[in-house]
Each structure stands twice: as C-alpha cells, then as structure tokens.
Amino acid sequence: MMVTSLSHTSGPDAETKTMTDPDVSVLFHCAPWGGLRESQVQVELSERFNKQTDVVLERHIDQVWAERVSKEPWLFNGAKFRLHSFCLVLPSSHSSNTFLDYAEEQKRAKQVDFGHADLSSDVTNLTDSGSSKDPATCDSGEFNGITLKRPLPLGPVLYLRLGLTSYKDYLGTNWSSGASELRQRGEDEFSDPLALLAQPLGVGAVVCTRDGQVVMIRRSQSVAEAGGLLDIPGGHPEPKVVCERLGHSVSEDQISVVVMQQKPDAVVSELFSSVCAEIRDEVNIPLSSLGEAVLMGIALNHTSAGRPSAEFYISCSLTSDEVRKLYWKGGAEANESTDIIFTSTTVSSHESCDFLVGYLLARDTACCSLKTDDGVWMNIKTS
C-alpha cells in the first residue's frame, strides 16, 4: 500500500500539482539504472537483524494478537523477512567500486533520491577499506562489513540485510497503537527507533498490460489493514517457501535463519517470484503472462510506523479487458479484494522509472497529472 493523494486543478490556466501523502515516502529508488534485476540483488541473513525484544514487549504483542484474532479468527501468523537495513555497491569506471550504506537513512525514514542527491560526501571507495580484492571480479569477500556471495554484475548491486519476524509481531508493533512509544524506546535503548519494530518486508507490483493500463484492486473490508482502499497487487516473500524449496519441511514456528543462510540466493529468488505469485493469486493472471520482475525501489508506509515494501514493475502480455475477465473468474486470494481498476497514462514504457515511482505513490486517484524529472507531463485517470 504505497500511497499518495494526487490532485489536479481544472481549467485552461490551472496549475497541476502533485500532493504527496505525508504517510508514505520513497526510501530508495532505482531510476538512474532503469530498475534492478534479480542478479543485482543480494541478501545477508542473520539473527542480528531480528528485532530487539523483552518480556514486556512480548506480553504486549500476545495481548494485541489475542484481541485481533478474537475479532478476525481468519488471521494467520506466518513468518516474514525483516528488513534491517540495506546498502548499495556502485560500479566504477576505475578498478574499484563505490559502497553506499543506508542503515541510517532507513532509521530516519529519509528519501534517498539518486536523481537529485549529491553523493560525493556519502560514498566510500571499497578498495580504500584495506582489501586487496576487487568486488567486480571476486567470487566472494568482505568489503566495509558486507560479504559478497557471488561476483558482481556490471551494474549496481543492492545488498539487503534481513532477519526474521512474523505477522503477529507486525500487528503488535508496527500496527499497534503503541508504535510511537516503541520507536522512542528503540531510540533511547538501542539508538535505533526501528529496533523494537517488526518491519516485515512487503512486495508490491506495478502491473502494466499490453494496452498500457496499470492494474489496481480495491481491498476488501475484511483484510487486516487498509480495507476498502485502492492498492497495487502485493504481499510478502515467505520464509517458509524458501525452506521448502531447500528441502526442509517445517512449520511456521520452526523456521530459522540458519536453514536459509547457506543459500541466500534462494531468498532473493523468493523476493522476486513472490510478487508474481501475488499477482497470480490476487488478480488471477497466469504466471506465463507476466514478464520479468524489475525492482523499482523501496517505499515506507508510515501509517504502520514505516513498514518497508519492495516495489516492482512487471509487464503483462494480456490486455486490460482480458485481465478484467480473469479477475472476475476469481483467483486463489479473490476474497482479499472486491473490484479491479485500471489507470491509464500517456507513458507506459518501463524505462521511465521516475514515472513508475509516481505510480508506486498513487492510490484512490480520480484524476491527476504527474510531472517527471525530464519535464514530461503524464495524465493519469482511473477507469
């Protein structure tokens, strides 16, 4: 639910404005590189990246969960990946690479905009750290505290630091009425306002049909959050799916970081494939009709204390009419939404990442215009 409210003033001389919802921010976007592919993402899994806790907090989480389940008995407590922080390795024209760490940026929920930011004071040359290896050519190695699991591609690499959390922990921290107090406690006790929050990593998809329409769905009133609002398809990558693919049949409460640490590429694969699975289950679009998932960035939803979500662009070989017909036939998660809406624009190319970032921030939009950094105006309307 990556949301902003976009407004449009009418009349021939009216000025068109984009009104940004203060409850949503783009933490990081990949516009300078046309998005990131699966080969450009790596993960480090560790229990160090789990949330901090104590008896009082666990008691509070149990209480919130019991109250929610009594009202919504269908709720399910599944394991989720927790986004602790992330960093970026940029290729250099020289023999070295550039390392950018955004742990502090995430704590402050500050937008990282490579289209406008001056990076000169924020980067560290990897080879200046005392390592004799070149990250672009080595099979593995540690640079500035991160361990590269495979050779770097020619483009930038996003490095995600992930722990484990659960949906129960999410409802009892990020989504609880005491979230602001937990942020303050985290700052006071751990110098990190996110330390006591679940911070489950979600996924969302800007799905563009063959006829240039973007798919949005209206969430059911029975879902746990944002009922009745328009949203892009999405959900969460599932740790249990990763374990099963690695040959471990475990229950949700038996999932551990140790099982997945030996095969971090399987986690990356789940991150990219889960968003396609969510489209299939929520919209009923076959996987065979979906193109490659391209990571556009990471957004934060501040209605849930800054919960992070990885946002993707995915092309669809079907027309909007074909998608609409499939949607009304019902998919595996048809109960999670009540309607399908299509938004149209004058620009549909996935090369315009700034435009897609704007879409990541659009929900419940009746009519608006959006201006990209290159001065192109794009009219957006729901149909």
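Predicted model: local features only at pLDDT ≥ 70, side-chain atom pairs only at ≥ 80, totals over all residues.

Colleague: Which residues of S9 point which way?

Modeller: Gly202, Gly204, Val206 and Cys208 point one way, Val203, Ala205 and Val207 point the other way, and all are buried. In a regular strand the side chains alternate between the two faces of the sheet.

Colleague: Which strands pair with S9, and in what sense?

Modeller: S9 pairs with S14 (residues 307–315) in the parallel sense over seven bridges, and glycine 204 stands opposite glutamate 311 in S14. S9 also pairs with S12 (residues 234–235), in the antiparallel sense over two bridges, and there valine 203 stands opposite glycine 235. Two strands pair if DSSP finds at least two bridges between them.

Colleague: Turning to the largest pocket, how much space lies in it?

Modeller: The largest pocket holds about 970 Å³ of space. A pocket is an open set of points on a 1 Å grid over the protein atoms alone, with protein on both sides within 12 Å along at least five of seven lines, and lining residues have an atom within 4 Å of a point. Grid points are joined across faces, edges and corners, and the volume is the space filled by probe spheres set on the points.

Colleague: What lines the largest pocket?

Modeller: The lining has 40 residues, of which Tyr167, Arg219, Gly235, His236 and Glu336 lie nearest the centre of the pocket. Elements that give two or more residues to this lining include S9, S12 and helix H7 (264–283). S14 gives the most, with four residues. The lining divides into 14 nonpolar, twelve polar and 14 charged residues; Ala, Val, Leu, Ile, Met, Phe, Trp, Tyr, Cys and Pro count as nonpolar, Asp, Glu, Lys and Arg as charged, and the others, Gly among them, as polar.

Colleague: How many residues has H7, and where does H7 bend?

Modeller: H7 has 20 residues and reaches 29 Å from its first C-alpha to its last, close to the 28 Å expected at 1.5 Å a residue. The expected span is 1.5 Å times one less than the number of residues. H7 bends by about 30° at serine 273, where the bend is the angle between axes fitted to the seven residues ending there and the seven starting there.

Colleague: Why is H7 called largely enclosed?

Modeller: The reason is that 15 of the 20 residues of H7 are buried.

Colleague: What comes after H7?

Modeller: Just after H7, asparagine 284 takes a positive phi of about 75°. Glycine 291 is in the loop between H7 and strand S13 (294–301), and is partly exposed, with a relative accessible area of 24%.

Conventions. Residues numbered from 1 in each chain as written. Heavy atoms only, no water. Buried < 20%, exposed > 50% of the residue type's maximum accessible area, 1.4 Å probe, protein only. 1 Å grid on protein atoms, 1.4 Å probe; cavity = no way out; pocket = protein on both sides within 12 Å on 5 of 7 lines; lining within 4 Å.
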